Amino acid sequence: MRQPIRSRLTLLYGGLFLVAAVLLVALIYLLVEYSPFPAPPAAPAAPGGSAPPAPAPLAASTEHLRRLLVNSLIALAAMAFAALLLGRLMAGRVLRPLAEMTATVRRITADRLDRRLAATGPDDELKELADTFDELLDRLEAAFTAQRRFVANASHELRTPMTLQRAMAEVALADPAADTASLREVLERVVAAGRHQERLVEALLTLARGQQGLRHRRPFDLAAITAQALGPRADAEPRVESSLRPAPAFGDHALAERLVANLLDNALRHNVPGGWVRVETSVRSGRATLRVSNSGPVIPADRLPLLLQPFQRLESARKADGDGLGLGLSIVAAIVEAHHGTLEVRPLRDGGLEVIVALDPPDDPRNRRRHGAPAAE
């Protein structure tokens, strides 16, 4: 049977008052019965030599003690009732803000996350609980908003190439004079749109995998992964400069490869003619660090957060070549978060971007607490 907290607090307060009253009655009785103080002196003799009155008999003294005990018990019963009443009133007053918070929480739904408890009053534990819950609602509202925006953007990005494919096929079928060359051209464009869809779906799956956390964990070297991603580059544009020192890290090797590939692709894609890309790996402050910087257009600092959001492109500052999905840095951010690493993104004064990723080393004790013992893929 569910027992409300108000009833429990009422019993607690009432019980404490009752115990205090019982102790008080017992103490009064003991002091009267076994008083440690001496009896008052006998009254002086009356004028004329008459003797003082005789002391009261023992029976009268016992009768007074019995009456005192009975009266004390009656007062104790009254105190018990008063204690329960006061305890209930106090419990209701203390729990009133909690009842208001409960009513507000019941009105909050997934479609109405804008409500807040906004507790007022003294800065006590209940107000701290309400403020913490409001902060949780802020994060939930931001997450739901981001999810809805992501679903809408993903639907749009997937619908566009599908619509294009259907339109090209319908135009080709509606042309009775279409020859082999024109049909072949249409098929090539349909295949190109299909490749774009494949890249988009793969990117979405990688983003979802990064947001779900790590499944496979093992030590790896960021320098080796970066060297493999760079590969042999002749005098290709833009110019790539690398300084790869050992950078041992711990986590998902496949996601780390995707992280490095996305950073390099982002630096190469969003560049300027005659530009450059610098790639560095090292160990700084005990963590494996990857630094990728590139030349490019000037990026306003206040627009940097958009780069980490899915499907967000800064068209006024960074022009993609038409193949960009707008998912590169958002995937990087999700992978870094899954590895409990840090990500720094800052614009360069002369244009371009610098991205710094730091991951925990294999011997970091936090890895064992977060993920357990290393597991080989």
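Is Arg-346 buried, exposed or partly exposed? Select Arg-346 and take a look: Arg-346 is partly exposed, with a relative accessible area of 36%. On this scale, buried means under 20% relative accessible area, exposed means over 50%, and partly exposed is what lies in between, with a 1.4 Å probe and protein chains only.

Before moving on, a word on what is on your screen. This is a predicted model, in which local features need pLDDT of at least 70, side-chain atom pairs count only at pLDDT 80 or more, and totals for chains, interfaces and linings use all residues. Residues are numbered from 1 along each chain as its sequence is written, and side-chain values use heavy atoms, with hydrogens and water left out.

**Stop 1: salt bridges**

The term stands for a side-chain nitrogen of Lys or Arg within 4 Å of a carboxyl oxygen of Asp or Glu. Glu-344 is partly exposed too, at 39% relative accessible area. The whole structure holds 12 salt bridges.

Next, select Asp-265 and Arg-269, another salt bridge, with the closest N and O atoms 3.0 Å apart. Both residues lie in helix α6 (residues 253–269), four residues apart, so about one helical turn separates them. Helices here are DSSP runs of H or I with at least four residues, strands are runs of E with at least two, and both are numbered from the N terminus. Asp-265 is partly exposed at 38%.

Then go to helix α4 (residues 180–212), where Glu-188 and Arg-184 are also four residues apart, about one turn of the helix. They form a salt bridge whose closest N and O atoms are 3.7 Å apart. Glu-188 counts as partly exposed at 46% relative accessibility, while Arg-184 counts as exposed at 57%.

An α-helix has 3.6 residues a turn, so residues three or four places apart point the same way.

**Stop 2: a nonpolar patch**

Select Phe-17, Phe-81, Leu-85, Leu-86 and Leu-89. They form a nonpolar patch on the surface, with about 540 Å² of accessible area together. Such areas come from the Shrake-Rupley method with a 1.4 Å probe, and for residues only the protein chains shown count as cover. Patches are built from residues with over 30% relative accessible area and no salt bridge; like charges are joined within 9 Å, and nonpolar side chains (Val, Leu, Ile, Met, Phe, Trp, Tyr) within 5 Å. Helix α2 (residues 58–106) gives the largest share of the patch, four residues. Phe-81 sits in helix α2 and is exposed, at 61% relative accessible area.

**Stop 3**

Colour helix α5 (residues 222–230) and pick out Leu-222, Ala-223, Ile-225, Thr-226 and Leu-230, which are buried. They cover an arc of only 165 degrees around the axis, which puts them on the same side of α5. That arc is taken from the directions from the helix axis to the C-beta atoms. What covers these buried residues includes β1 (218–221), β2 (239–244), α6, β4 (276–284), β5 (287–294) and β7 (353–359).

Now show α8. Nine of its 11 residues are buried, so α8 is largely enclosed by the rest of the structure. Among the buried ones are Leu-329, Ile-331, Val-332 and Ile-335.

**Stop 4: loops**

His-340 lies in the loop between α8 (328–338) and β6 (342–347). His-340 has a positive phi of about 55 degrees although it is not a glycine, and it is partly exposed at 38%. Ser-285, in the loop between β4 and β5, also has a positive phi of about 55 degrees; Ser-285 is exposed at 78%. Most residues other than glycine have a negative phi.

**Last stop: confidence**

Finally, colour by pLDDT, the predictor's confidence in each residue, from 0 to 100. The protein has a mean pLDDT of 76, and 74% of its residues reach 70 or more. Over residues 316–322 the pLDDT is below 50, and this stretch has 13 contacts in the model beyond near neighbours in sequence. Contact means heavy atoms within 4.5 Å. Where pLDDT is low, the predicted coordinates should not be read in detail.
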